[in-house]
Amino acid sequence: MMNARQIKRVRVATFAAISLLIAIFIVSVATGFASLTPSELFRTIIGQGTPRENLILFEFRLPRIFVAILAGMGLAVSGAILQSITKNPLSDPGILGINAGSGLMVVVYIMFFTVESSSFLYVLPLFALAGGLATAAVIYVMSYKKGEGVEPTRLVLVGVGLAAALYGATLTLSTRLDMEDYSFMANWMAGRIWGDDWIFVLSLLPWILLLVPYTMFKSNVLNTLNLHENVSVGVGVNVGRERILLIMVAVALASASVAVSGGIAFVGLMSPHIARSLVGPRHQAFLPVAALIGAILLLAADTIGRVILDPSGIPAGIIVTIIGAPYFMYLLAKK
Amino acid sequence: MFKTKIKLIKDNKVYSRPAVGSAILLMGFALLLLSIGLAISVGAAKINFLTVWNSILNYDPTREADRIIVSLRLPRELGAAIVGAGFAVSGAIMQGMTRNPLADPGLLGLNAGASLALACVFAFNTGANYLTVMVISFIGAGIGAAMVFGLGSMSRGGLTPIRITLAGAAVSALLSSLGEGIALYFKLSQDLAFWTAGGVSGTNWEQLKIIVPVVIVGIAVAVMFSRQLTILSFGEEVAKGLGQRTLLTKCILMTVVLILAGAAVSLVGAIAFVGLMVPHIVRFLVGTDYRWIIPCSAIFGSVLMVLADTFARTVNAPYETPVGAVVAMIGVPFFLYLARKGGRKLS
């Protein structure tokens, strides 16, 4: 159980994170092409905006902001699960190659269906999910050794190697796309948040609404899995089953997120670390904070990228990597 | 002193198979000529071996076959061969130097650094000649390597293979993201993409005139220092105990690595895994003596690249499959095997 001091820390951190998220939201609406000042924003939110203001907020900005927030949450929670299960602080769906698997399926998809077709929107996350799950299965099987289980170092090495292969395959296929599809693919791989319509919010929302609370519900299982294997068995957790179930949740969250937001690494790595350093390692405390930090990171990265190069923007994935890779290096040096 | 030397060498067991090594060099060379011949004769315009032979010996610009062979296919295959040798030798040196079985210019940030540098060249100075491009690739490769090794050595516990590999992954992600950002900003993503995926299709004689001597000199220096490299591969303490000036040796070898990898990347783009696989195969065949490993790696790397390029060109004709992807698809199972075999030992 958490004592009063810890509970207070969690409350303070959550409050601070939500305030920061709101601040970035205001900045995001107020900057770049067709922006709203904070007072215009307030007027529009309470329902008294001009048609132009309504259009900018509800059709241009809000969907994209929601996608960034949801995808950031999904990636952060996915990273947290993977880090706890593999007991490896350097795990992340991007580094482990799951994004690469989803990416390959995305390119396969756009080779057969064009970007514009309407079914595209709902089916694409499922394709990405299939790719992500298959990749995760291969990584798991490849790094599993009888008697030793899944050794974290091997898991990361296998993931890095497999990501390189899948990336090669994706690149091979993508050179055969026509100009328009190719440019979509290049931007997807670079992590541009392309889903900027309400439909994408709707297609991502169920995954997040279902799986993030589920993960939080499983906090205690994650707490025990993070300990030594014998301890988990001792307290009566069915280790094998819970682990596989949670890995599937992590993969589903990552795949659904990257399907709509593009291949984004490092959000899943950084957010849990920052959250843990703020509120400690108990999953009940740090999972919600990690989800908020993921949302903050991705929304901030998307806003920065959008402002740097108006109106097409630098993909959020590139901005996140430029911030995230040095952070990863810092972790590596410190560990 | 002398006794300790003997003991050090005995403890570390150099085993060397000169007979196998010479056989490989000879057969490898024959195989290389054969595969180049094969590579030239297959493709959109079918040309038989005899014509190839003829057109190289007495080139007649009025015959179409001769023009195809001499101005398109021959430089391409020579480019593939020289690049394969460059990657393989730089991988062999890195593996020996770092005692890291997973070392490879692609995994350690050199390729990504060179790619970033190239993106900058394309973006800021489109009229650059090939020599400039190559020099800038060296610099980029150097920056990438410096970052990986600096990061690896900053951490407590030193440069374990897993640490270096992870550092390489992070540095590669950072540098290629920067490169991608530049490419998107200046709208040269598509030009760069095919190039990054690796292709020798555009190689011409002008480029070969610059790159061939550079790579040959690099390999020659590597061969000259291969004895020192063998000793270094036992570990730094051993090498120091045997009286080697390890810092100097390392600097020279690292320079060779940068030149070879930089030159190769400047011609074909970032191709991972040639530098990883070839030295392992060669070590398996000829033993742990780098005096044999280096020349044999050069030959093997050439053959592998020529065959991979031929495969890439013909498997899906008329589309060109990027050769880098072909190599990655062969290389990854190999990498997985290594990671599986050594996963625990490496940490």
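In which helix of chain B does Arg340(B) lie? In this predicted model, Arg340(B) belongs to helix H15 of chain B. The residue is partly exposed, with a relative accessible area of 26%. Leaving aside residues up to four places away in sequence, Arg340(B) touches Val141(A), Met142(A), Ser143(A), Tyr144(A), Lys145(A) and Arg154(A). Within its own chain, Arg340(B) and Val83(B) are 257 residues apart along the sequence, and their C-alpha atoms are separated by 29 Å.

The size of an interface is often given as the accessible area lost when the parts come together. For chain B and chain A, the buried area is about 3800 Å², with 73% of it on carbon and sulfur atoms.

Turning to the fold of chain B itself, the chain has 15 helices and zero strands. Of its 347 residues, 56% are buried. Among the contacts in chain B with a separation of 6 or more, 78% are between residues 24 or more positions apart.

Salt bridges come next. Side chains of opposite charge can pair when their charged atoms come close. A search of the whole structure gives seven salt bridges over all chains. In chain B, one of them joins Asp309(B) to Arg76(B), with the closest N and O atoms 2.8 Å apart. This pair links distant parts of the chain: Asp309(B) sits in helix H14 (residues 290-314) and Arg76(B) in helix H4 (residues 64-98), 233 residues apart. Asp309(B) is buried, at 1% relative accessible area, and Arg76(B) also counts as buried, at 7%.

A salt bridge also forms between Glu77(B) and Arg313(B), where the closest N and O atoms are 3.5 Å apart. Because Glu77(B) lies in helix H4 of chain B and Arg313(B) in helix H14 of chain B, the pair ties together parts that are 236 residues apart in sequence. Glu77(B) is buried, with a relative accessible area of 0%, and Arg313(B) counts as buried at 12%.

In chain A, the side chains of Arg43(A) and Glu53(A) meet in a salt bridge, 2.7 Å from N to O. Arg43(A) lies in helix H2 (residues 38-45) and Glu53(A) in helix H3 (residues 51-86), 10 residues apart. Arg43(A) is partly exposed at 35% relative accessible area, whereas Glu53(A) is buried at 3%. Elsewhere in chain A, a network of salt bridges links Lys218(A), Arg241(A) and Glu242(A).

Finally, the cysteines. A disulfide is a covalent bond between the sulfur atoms of two cysteines. Over all chains, the search finds zero disulfides. Cys120(B) is partly exposed, with a relative accessible area of 25%, whereas Cys296(B) is buried, at 0%.

Notes
Residues are numbered from 1 along each chain as its sequence is written. Chains are lettered from A and ligands numbered from 1 in the order in which they are written. This is a predicted model: local features need pLDDT of at least 70, side-chain atom pairs count only at pLDDT 80 or more; totals for chains, interfaces and linings use all residues. Side-chain values use heavy atoms; hydrogens and water are left out. Buried area is the accessible area (1.4 Å probe) that two parts lose on being put together, summed over both. A disulfide is a pair of cysteine sulfur atoms within 2.5 Å. Buried means under 20% relative accessible area, exposed over 50%, partly exposed in between (1.4 Å probe, protein chains only). Helices (H or I, at least four residues) and strands (E, at least two) are DSSP runs, numbered from the N terminus. Contact means heavy atoms within 4.5 Å. A salt bridge is a side-chain nitrogen of Lys or Arg within 4 Å of a carboxyl oxygen of Asp or Glu.
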